[in-house]
Amino acid sequence: MSAVSPWKPEIDELHQRRRWAEELGGPEAVARHTGDGRLTIRGRIERLVDAGSFREVGKLTGTAEYSGAKVEGVLPAPYVMGLAKIRGRPVAIGGEDFTVRGGTSWGSDRRKGGQGGFIEDFAANYRIPLVNLIDGSGGSVASIKKRGHAVFPGVHGFEKSVELMGIVPVVSAVMGVAAGGPAGRAILAHWSVMVNGQSQVFAAGPPIVERALGLKVTREELGGTKMAVESGGTIDNAADNEEQCLRMIADFLSYLPQNVWEMPPVAACEDPAERRDESLATIIPRDRRKPYDMRRLMRGIFDLDSLFEIQPAWGKGVITCFARLGGRPVGVVANNPMVYAGAMDARAARKQGHFVELCDTFHVPLVYLVDQPGFLVGPQAEAAGTLRDGMRAVYIGMQATVPALTLVVRKCYGMAGMAACDKAGINFKIAWPSAEIGNLPVQGGARAAFRRDIEAASDPAAREAEIEAELLALTSPFRMAEAFAVEEMIDPRETRPYLCSFIETAYSTLPTKLGPKPRYGVRP
């Protein structure tokens, strides 16, 4: 017969307090929240992490009611967080509990979550990824009345949120409404995702918009996926439901190391490195103006089912995604000939720059699949600041120190072509026989360079065509290979085995110094 603990009353109270915490905002609040298919914060964590791996921190935090010295109940703080594992790897995870005061921030001497909260300190000190499951509207002007005075913006600042961006992967999933501070935290992430028809994100909600601008809008119009993902590019990806959203979080993290002091994890791969996809020899049309499916081309090169695209609905002129070659993560930047013939517009430039920074931060080698005629031109492109954003992408690419390979599958022209080269490394450039490369496209460029010759001819159109044909012969990729202006030409069907060999070597030779990268613009 076991002895009765002298601390039985306290132990019993501990377990009772845990039960109150697990009730969240109470049966009625939980029923309202889950009535349309949403999960509670505890349900979200349970579905995302490995079974039995969640170790909660701060479970007893909340507002208690007492009868004398006896506790009668505890309303838990509207934030749940702790340590867990996702696919066997530790993460710090936390999120607002919408069933308690709508997930609004809860004040105490030390915050559990949100910007400046314990969960951020935990991720930073243990050097593990941070997963934010955001479902709250942040602060309220009611706090002014409670406090008796206003405070300067950022009393609970983003300092730790910013620090984390340079040391561990940070994921933000907007699961409901995110306004104010939570919206800002959603952006301070390496990757963000929201749920179609369920999530909205904005700096301030409809009441403030109406008061400030006299404009009546719904939450969905103001910050749903159509606005935040497709128009603004504020959030990277959209999921159809919570299950898909949580699965995407796990998939994203699988490509990245735990922190900047480690290399990306290598996965088991059953797709042979020597696989040759015969369709790659026919995918590029002979007609240089005819588009083709770049994503189909990518599927022929990278490990089967390994593509994880980031921002597919925004900046569509470029495709950015994680993939694997022989199980080794790589970042892929591929021009999309279906949009502006692959030309780089302002949005595509910003998208590419952000992705290259992400890969450079976490030591993920880059593969550029190039088919672009240069920066997008014309009055609208100039008004959008394409040149400025485009040169920013060039600037980021030139400062990146992660190994990179450039494969030109068709066009590579102008200053935009510099954004797809490893200028800080060995500048390794490979070309398919379909490649055409130069400072300017011959078509159109011949007219500008030989204007007088063309205008003086008896048949200007014929003379222009003659000059173009002469120049095109000189721009043959075979001539570039003869001069070692490209380091190698390959049969398209050889692409996968060729890339696998070099990526394997890149992974076997660790960088001389792992750790945080200097900020862009101040590299030694």
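Guide: Two strands count as paired if DSSP finds at least two bridges between them. Helices (H or I, at least four residues) and strands (E, at least two) are themselves DSSP runs, numbered from the N terminus. What you're looking at is a predicted model, where local features need pLDDT of at least 70 and side-chain atom pairs count only at pLDDT 80 or more, while totals for chains, interfaces and linings use all residues. Residues are numbered from 1 along each chain as its sequence is written, and side-chain values use heavy atoms, with hydrogens and water left out.

Visitor: Okay, which residue in β14 is the bridge partner of V332?
Guide: Start with the two strands: β13 and β14 (residues 366–372) run parallel and share four bridges. V332 sits on one side of β13. Across in β14, its bridge partner is V367.

Visitor: Which helix does the chain pass through on its way from β13 to β14?
Guide: The path is a β-α-β crossover, and a right-handed one. Right-handed means that, with the strands pointing away from the viewer, the path from the first strand over the helix to the second runs clockwise. The helix on the way, residues 346–361, is α13.

Visitor: And what residue in β13 does I319 bridge to?
Guide: Strand β12 (residues 318–325) runs antiparallel to β13, with eight bridges joining them. The two form a hairpin with two residues between them, and G326 in that turn has a positive phi of about 60°. In β13, I319 has as its bridge partner A334.

Visitor: How many residues of β13 are buried?
Guide: Buried means under 20% relative accessible area, exposed means over 50%, and partly exposed is in between (1.4 Å probe, protein chains only). In β13 one side has R328, V330, V332 and A334, the other has P329, G331, V333 and N335, and both faces are covered. Of the eight residues in this strand (328–335), the number buried is eight.

Visitor: What is the relative accessibility of Q352?
Guide: Q352 has its place in helix α13. Leaving out residues up to four places away in sequence, Q352 touches V318, T320, V333, M344, Y368 and A419, where contact means heavy atoms within 4.5 Å. Q352 counts as buried because its relative accessibility is 4%.

Visitor: On to charges, then. How many salt bridges are there?
Guide: The rule is a side-chain nitrogen of Lys or Arg within 4 Å of a carboxyl oxygen of Asp or Glu. Some residues link up in a network of salt bridges: D271, R275, D303 and R496. By this rule the count is 26.

Visitor: How far apart are the closest N and O atoms of R47 and E243?
Guide: R47 and E243 form a salt bridge. That pair links distant parts of the chain, 196 residues apart, with R47 in helix α3 (residues 41–48) and E243 in helix α11 (residues 242–253). R47 is partly exposed because its relative accessibility is 48%, and E243 is partly exposed at 38%. Their closest N and O atoms are separated by 2.0 Å.

Visitor: Which residues of α3 are buried?
Guide: This helix is mostly covered, with six of its eight residues buried. R47 is partly exposed, at 48%. The buried ones are I41, R42, G43, R44, I45 and L48.

Visitor: About how many helical turns separate E13 and R17?
Guide: Their side chains meet in a salt bridge, at 2.9 Å from N to O. E13 is partly exposed at 33%, while R17 is buried at 15%. Because they are four residues apart in helix α1 (residues 8–22), the separation in helical turns is about one.

Visitor: Which residue forms a salt bridge with R392?
Guide: The closest N and O atoms of this pair are 3.6 Å apart. R392 lies in helix α15 and its partner in helix α13, so the bridge ties together parts that are 35 residues apart in sequence. R392 is partly exposed at 39%. The partner, partly exposed at 21%, is E357.

Visitor: Last one: about how much accessible area does the nonpolar patch of L387, M391 and M415 have together?
Guide: Patches are made of residues with over 30% relative accessible area and no salt bridge, joining like charges within 9 Å and nonpolar side chains (Val, Leu, Ile, Met, Phe, Trp, Tyr) within 5 Å. Areas come from the Shrake-Rupley method with a 1.4 Å probe, and for residues only the protein chains shown count as cover. L387 belongs to helix α15 (residues 386–399) and is partly exposed at 42%. Together the three patch residues have about 250 Å².
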